[in-house]
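Subject: Structure for you to look at

Hello,

Here is the structure I promised. Please open it alongside this note. My findings follow below it.

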Amino acid sequence: MLRRSEKWAIALVSALIISMLIIKPAPNMHRASIHQQSTDRSNASVSQEAIDHLQAEDLALTTNMMFHSFTTSLEEWTTREQLDRKLEEEVEQHPFIEGIALVDGTSQVIEKAGSPLHLDELPVFTTTYNAIQYSLPYQKEDQSYIMVKKALTSGNTVISEINLAFIQSFLSKHAMIADSEGTLFMSGENAQVDFNQQTSLPDGQQATTVPGLNWNIYVNSHTKSQDNPIVAEEVIVKLAPHTNVEQWASKNDHTVLKENHPYVVLQSTIEEDAYIQKLRNDEAVIFAEHNFSFVNKAVIQETKVEPNDEFFKPYQWNLEQIDIEEGWNYANGSDTTIAIIDSGVDPEHPDLQGKLVEGYNAIDDTSNAIDDNGHGTHVAGIAAALTNNVEGIAGVSWQSKIMPIKVLNTDGEGSSFSVARGIYWAVDHGADVINMSLGDYYHSDVLYDAIEYAYDQGVTLISASGNENTDDQMYPAAYPQVITVASVNQDKNRSFFSNYGDYVDVSAPGEHIPSTYLENQYILLSGTSMAAPHVAGLAALVHSTNPSLTNEEIGNLILGHANQLGDGDFNVYYGYGEIDVNDTLTSID
């Protein structure tokens, strides 16, 4: 059984170039005017205080919402006749209710459920909201409680004791809650405040009020220590296919904590790094890694979004270089479609399954757009592979759909007609962005008409500059409606094979790029064909952020916020520079 690393095909080859069969002299055309934009980013930054305040608002509204589910029932009980459902049902529906009782005007219990209430020791009810009275929170057996009561028109009263542990369960680690009198009664584990009968929140802390209860919630994430990025004493392992987990674990004295075959979580019996190294020497183990901690944040922050894809950290240098992790805070490509005009796409690849929309075979005019060459599948993965799914790689545009358009055959060859026909089909079937990692050195009228049609319909067009280290113009890249992409390496230098000239607009990583391939594989390829889908993915991210932007505006944003390379604001080797995902996305109004 081969291990995953041994099954990887590592290819240092240029991307495929097709031959255009219609040869005509190029017309006298001028490039579209795309000017570099300058943007004041001071307004784009979000203060940590604002983020904390937003999270406090979320906590306050969530608390109010959870109380609402119970108090709505009390509000419905306006007469004794409406107590058809038993109090036991109410306790069952609301597990945070410790006890509930219906009492008459003389405080005699008519009906009760849950834990008994000590009616002769009721707390003071200080707040009334929607005809329901609330007590101050109080402590009992190291937990916080509150009592609520509702007077019924029948003269009876419903009284209930509520365990506030449900609030603690969603409370931020860095949040604190004070009651309506300013007493701090609950906090997250890292709030670092003395909670023994404080009369007010610490100086300088601004609170958010829970509607109706007049509780104050404050989030102070500045007090937090560095969170541990891993789950202690746990290691994730991916096992080779057909491995019997139970037998393997028993034979090697492993303790399986969780299983989602072929992935298992093991309890580390020694220090995690040493345990991981030991596991990596096991032939049945495809990979072993820390069980990394992930925290869901519903606010935009200037932090890195680091997906858990298997090859993201060790191999995808290209995504870090274009500043994508910060950019993912602002967009993921939802509700966009990228057409990959190429050799088709493999719909069964695990990193592409569920991503594909209806496709088209422009060679034989059928719907069979399955890739039998591999090039198109590789390009598609760079642009929009499934991300944060543990498997394989991360794509530039997480949520974008992929439209496979097959214009190249098994040998990677096609014609200007099939390419043009594929462009028309993609536009007419909803493509927002078209990637063309192909070309040749001859202008084609049929191809240019298709390019004009797509551009006039608002589609953003991306093409590779070519791989022959020449300044001869490559088509469709040289057409003014197309964003032309050159290749750079890990040192941000022009790739030795990358074509250059005045028609180059921008650059992107194009050497040793890992991506999806046929037969569920992942390989490394090099070429401007690999650089182009980085830009296509960015165009999809921009479009998803603001669908009202025109293709010209999208192009201006991408070029105007590229990182300048080489001499001058523009040069023939890099265009306006290497794309910057974060800078581009944060500049969008």
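A word on terms before the residues: buried means under 20% relative accessible area, exposed means over 50%, and partly exposed lies in between (1.4 Å probe, protein chains only). This is a predicted model, in which local features need pLDDT of at least 70, side-chain atom pairs count only at pLDDT 80 or more, and totals for chains, interfaces and linings use all residues. Residues are numbered from 1 along each chain as its sequence is written, and side-chain values use heavy atoms, with hydrogens and water left out.

Active site

UniProt, in an unreviewed entry, places the feature "active site" at Asp342, His375 and Ser529. These three span 188 residues in sequence, yet no two of their C-alpha atoms are more than 10.1 Å apart, so they gather at one spot. UniProt positions are given in the numbering used here, feature names are shortened, and annotations may be inferred rather than shown by experiment.

His375 sits in helix H10 (residues 375-384). Helices (H or I, at least four residues) and strands (E, at least two) are DSSP runs, numbered from the N terminus. With 4% relative accessibility, His375 counts as buried. Asp342 belongs to strand S17 (residues 337-342). Asp342 is buried too, at 0% relative accessibility.

What does the side chain of Asp342 make a polar contact with? The partner is the side chain of His375, at 2.6 Å. A polar contact is a pair of N or O atoms within 3.5 Å; within protein, one must be able to donate a hydrogen and the other to accept it, and residues adjacent in sequence count only if both atoms are side-chain atoms. Beyond its neighbours within four places in sequence, Asp342 is in contact (heavy atoms within 4.5 Å) with several residues, among them His375, Gly376, Ile405 and Ser437.

Helix H12

H12 (residues 445-456) has twelve residues, which should span 16 Å at 1.5 Å a residue; its end C-alpha atoms are 16 Å apart, which agrees. The expected span is 1.5 Å times one less than the number of residues. Buried in H12 are Leu447, Tyr448, Ala450, Ile451 and Ala454. They cover an arc of only 160° around the axis, which puts them on the same side of H12. The arc is that of the directions from the helix axis to the C-beta atoms. Their cover includes helix H11 (416-428), strand S20 (433-436), S21 and S22. Just after H12, Gly458 has a positive phi of about 90°.

Strands

An open sheet of four strands runs in the order S10-S9-S12-S11, with antiparallel pairing. Two strands pair if DSSP finds at least two bridges between them. The edge strands, S10 (184-187) and S11 (208-209), each pair on one side only. Four bridges join S9 (residues 175-178) to S12 (residues 216-219). Ala178 has Asn216 as its bridge partner in S12.

Elsewhere, S4 and S5 form a hairpin with two residues between them. In its turn, Asn130 has a positive phi of about 55°.

Backbone points to check

- The peptide bond from Tyr475 to Pro476 is cis, with omega near 15°. Pro476 lies in the loop between S21 (460-464) and S22 (482-488).
- Asp323 has a positive phi near 60°. Asp323 is partly exposed, at 22% relative accessibility.
- Asn520 also has a positive phi, near 60°. Asn520 is in the loop between S24 (513-517) and S25 (521-525).

Best wishes
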